[in-house]
Amino acid sequence: MHGIAELAELIRQEEPDGVLGITKEQISEIQEAWGVSRLPLVYVEFLSRMGACAGRVLRGTDAFFPVILQMKEWADEFFDENSGIISLPDGAVVFAMHQGYLAYWMSGASSSDPEVVLCAEADPSPLRVWPSFTAFLDSHYVDEPGVK
């Protein structure tokens, strides 16, 4: 499995201008917008290396700065519209959405590399679960180029 720094370098080799990180101040803006006291360490590393652009990884998915500043609002709407079908576990953070019908969440900031769950509107069961955020990114780079 590739780590965050290695993934950023591999993507940069494919697309020299395809990787762009964000600043500590911008990461703090995300934390504040989401109303959390901290973010998982591996996610912070991802943001600092690829928080504005990650080449083909998650292309077409709302997962990058500055759009992710609106993620909490969109996630609240998603789960309100799917009330009784899907619920967000306590402490989980939605970090990406695809076209308003798919939501990706991390199980919480207590783990440095938390589990990632993908769910679709009106579907009570997760579409996919990755054991960690690193595994999720690696999967999107290796197994699932582009949006799946």
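In strand β6, arginine 128 is the bridge partner of leucine 118. The structure described here is a predicted model, and this pair belongs to the contact between β5 and β6 (residues 128–130), two strands that run antiparallel and are joined by three bridges. On the β4 side, β5 (residues 116–120) is paired in the antiparallel sense with β4 (residues 102–106) over five bridges, and alanine 120 in β5 stands opposite leucine 102. Strand β4 is in turn joined to β3 by five bridges, again with the two strands running antiparallel; here methionine 97 has alanine 103 of β4 opposite it.

Together these strands make an open sheet of four, in the order β3-β4-β5-β6, with antiparallel pairing. Strands β3 and β6 form the edges, each pairing on one side only. From one strand to the next the twist averages 20°. Within the sheet, β5 is mostly covered, with five of its five residues buried. In a regular strand the side chains alternate between the two faces of the sheet. In β5 both faces are covered: Val116, Leu118 and Ala120 are buried on one side, and Val117 and Cys119 are buried on the other.

The protein chain as a whole contains five helices and six strands, which follow one another along the sequence in the pattern α-β-α-α-β-α-β-β-β-β-α. Its radius of gyration is 14 Å, close to the 15 Å given by the globule rule for 148 residues, so the chain is as compact as a globular protein of that length. The C-alpha trace spans about 45 × 30 × 25 Å along its principal axes. Of the 148 residues, 46% are buried. Among contacts with a separation of 6 or more, 53% are between residues 24 or more positions apart.

Helix α2 (residues 24–34) has a buried side, to which Ile27, Ile30 and Trp34 contribute. These three residues lie on the same side of α2 because they cover an arc of only 55° around the axis. An α-helix has 3.6 residues a turn, so residues three or four places apart point the same way. The face of α2 turned away from the buried side carries Glu25 and Glu32, which are exposed. Packing of the buried residues of α2 involves helices α3 (41–50) and α4 (71–81) and strand β3 (93–98). After α2 comes glycine 35, with a positive phi near 70°.

Tyrosine 43 is found in helix α3 and is buried, its relative accessible area being 0%. Its C-alpha atom is separated by 9.9 Å from that of isoleucine 27, a residue 16 positions away along the chain. Apart from neighbours within four places in sequence, tyrosine 43 is in contact with Trp34, Ile68, Phe95, Met106 and Phe133.

In soluble globular proteins, nonpolar side chains tend to be buried together. The largest nonpolar core of this model has 48 residues, and those with the most contacts inside it are Tyr43, Phe46, Phe95 and Phe133. At least two residues of this core are supplied by each of α1 (4–14), α2, α3, α4, β3, β4, β5 and α5 (133–142).

Several backbone features occur in the loops. Between β2 (53–54) and α4 lies a loop that includes proline 66. A cis peptide bond, with omega about 5°, joins phenylalanine 65 to proline 66. Leucine 58 lies in the loop between β2 and α4 as well. Although leucine 58 is not a glycine, its phi is positive, at about 65°. Leucine 58 counts as buried, with 1% relative accessibility. A positive phi, near 50°, is also found at glutamine 99, a residue other than glycine. Glutamine 99 is located in the loop between β3 and β4, and at 62% relative accessibility it counts as exposed.

How values were computed: Residues numbered from 1 in each chain as written. Predicted model: local features only at pLDDT ≥ 70, side-chain atom pairs only at ≥ 80, totals over all residues. Heavy atoms only, no water. Buried < 20%, exposed > 50% of the residue type's maximum accessible area, 1.4 Å probe, protein only. Arc of directions from axis to C-beta. Contact = heavy atoms within 4.5 Å. Pairing = 2+ DSSP bridges. Axes fitted to C-alpha atoms, helices over the stretch in contact; angles between N-to-C directions. Core = buried A, V, L, I, M, F, W, Y, C linked by side-chain atoms within 4.5 Å. Rg over C-alpha atoms; globule rule 2.2 N^0.38 Å.
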